[in-house]
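My notes follow in the order in which I took them.

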Amino acid sequence: FSDFFRISMDAEGGPVTAFATLDSTLAIFKNARIYLLNGEGPFDTGAQNDYGRPSLIAGDAGTSYPNSVIEAPIGLIFKSDKGWYLLNRGWDRNYIGAPVSDYDTDEVVSVHVLEKQHQVRCLTTDRCLVFDYLVTSEMSPYGQWSEWTLADGAHE
């Protein structure tokens with residue numbers, strides 16, 4: 001790769017752990033930080049590079065779980081060391097994981113969006129956590145969680 005395609009990052013916060021795109025913006029995750037990078041980038045010759053430096057938008061919650069980051073219609077959903085978060089289209093970070101905080105120690109295997117069901121399904125080593133982003137209430141304005149156990153195939 002050409003040096004034109006390299007982006008300098010602050011060493012603070014450790015190494016980059018995950019990337020995701022939302023609305024043509026690159027989100028760069030570290031363990032406890034999130035940066036955004038806007039622009040079209042350079043041509044293959046390096047000309048017209050409009051990338052600037054990545055902008056820090058969150059300095060207290062990133063992710064160390066790259067398998068947990070996924071783009072959904074409501075924004076980026078990811079698990080941090082503090083639980084599950086939503087990074088919405090306005091780039092506001094919202095904690096959404098309180099209802100499933102008992103399972104924060106579960107290892108995330110994969111995450112999938114099922115748009116027709118309005119769900120994000122988070123498969124862990126012990127269960128499937130389901131976040132329905134269409135069903136909201138005063139108690140949970142961002143969506144509702146449920147848990148499906150893997151032992152019997154049933155859901156609770």
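I count two strands as paired if DSSP finds at least two bridges between them. Helices (H or I, at least four residues) and strands (E, at least two) are DSSP runs, numbered from the N terminus.

The model is predicted: local features need pLDDT of at least 70, side-chain atom pairs count only at pLDDT 80 or more, and totals for chains, interfaces and linings use all residues. Residues are numbered from 1 along each chain as its sequence is written, and side-chain values use heavy atoms, with hydrogens and water left out.

**Strands and sheet**

I looked up the secondary structure and found 0 helices and 12 strands in the chain.

How many bridges join E11 and E12? I find that strand E11 (residues 127-132) pairs with E12 over 6 bridges, in the antiparallel sense. Within this pairing I noted Leu129, which stands opposite Glu147 in E12.

**Burial, surface and contacts**

I checked burial next (buried is under 20% relative accessible area, exposed over 50%, partly exposed in between; 1.4 Å probe, protein chains only). Of the 156 residues in the chain, 38% are buried. The accessible surface of the chain is about 8900 Å², and carbon and sulfur atoms hold 49% of that; the areas come from the Shrake-Rupley method with a 1.4 Å probe.

For contacts (heavy atoms within 4.5 Å), I took those in the chain with a separation of 6 or more: residues 24 or more positions apart account for 36% of them.

**Rings**

I searched the whole structure for aromatic pairs and found 5. Rings of Phe, Tyr and Trp (its six-membered ring) pair if their centres lie within 6.5 Å; planes under 30 degrees apart count as stacked, over 60 as edge-to-face and the rest as tilted. Phe78 and Tyr85 are stacked, at 5.8 Å centre to centre with 15° between the planes. Phe78 is buried at 0% relative accessible area, and Tyr85 is buried at 9%.

Last, I noted Lys79 over the face of Tyr65, 4.6 Å from the ring centre; the test asks for NZ of Lys or CZ of Arg within 6 Å of the ring centre and within 35 degrees of the ring normal.
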